[in-house]
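Dear colleague,

Please find below the structure for your records. My findings follow it.

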Amino acid sequence: MQKILLIVIFQLMLFASYSQGTIDTVYFSNDFSEVSNKLDCAIFGIRNYNEKGKGLSIYYWRSGKLHSELNETKGDKEGECKWYFENGVISNQGSYKNDLPIGEHKYYDISGILLRTEIYNIRNKIVAEYYVTDNG
């Protein structure tokens, strides 16, 4: 009876840890290739994935400033994603499905002024592109 109780408790502990998701810290060089030593990294990422490989990855410059926020499914971008300049201003944002852009994607300059907007269809083709001019 005690053995069965121990097995049940052990399985419940395992189930609880999988449902919470795992948080991993990953280190990258400038070109996003993974490096093993945090001293060699330019960007580091914190990933919080649940058991289906879905979750949020937040990447930071080595200085600790935000680099990007990506919703991912097994390493592929899925949903709303944002990238930032090193000064903390958003550089671009848009939605992804199966790691391909979809919908509206906005691109900004380093001071946060909107430069252009691209609209993608479900086949990953640009159907419209808008540029901001001096006249607005």
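In the hairpin of β5 and β6, which residue takes a positive phi? Lysine 74 does, with phi near 50°, and this hairpin has two residues between the strands.

The model is predicted, so to speak of local features pLDDT of at least 70 is needed, side-chain atom pairs count only at pLDDT 80 or more, and totals for chains, interfaces and linings use all residues. Residues are numbered from 1 along each chain as its sequence is written, and side-chain values use heavy atoms, with hydrogens and water left out.

The protein chain has one helix and 10 strands (DSSP runs numbered from the N terminus: H or I of at least four residues, E of at least two).

Glutamate 72 has lysine 77 in β6 as its bridge partner. Strand β6 is also joined to β7 (residues 90-97) by six bridges, again antiparallel, and tyrosine 84 has isoleucine 90 as its bridge partner.

The largest nonpolar core has 10 residues, among them Phe28, Ala42, Trp61 and Trp83. Such a core is a set of buried Ala, Val, Leu, Ile, Met, Phe, Trp, Tyr and Cys residues joined through side-chain atoms within 4.5 Å, where buried means under 20% relative accessible area with a 1.4 Å probe, protein chains only.

Conventions. Buried means under 20% relative accessible area, exposed over 50%, partly exposed in between (1.4 Å probe, protein chains only). Two strands pair if DSSP finds at least two bridges between them.
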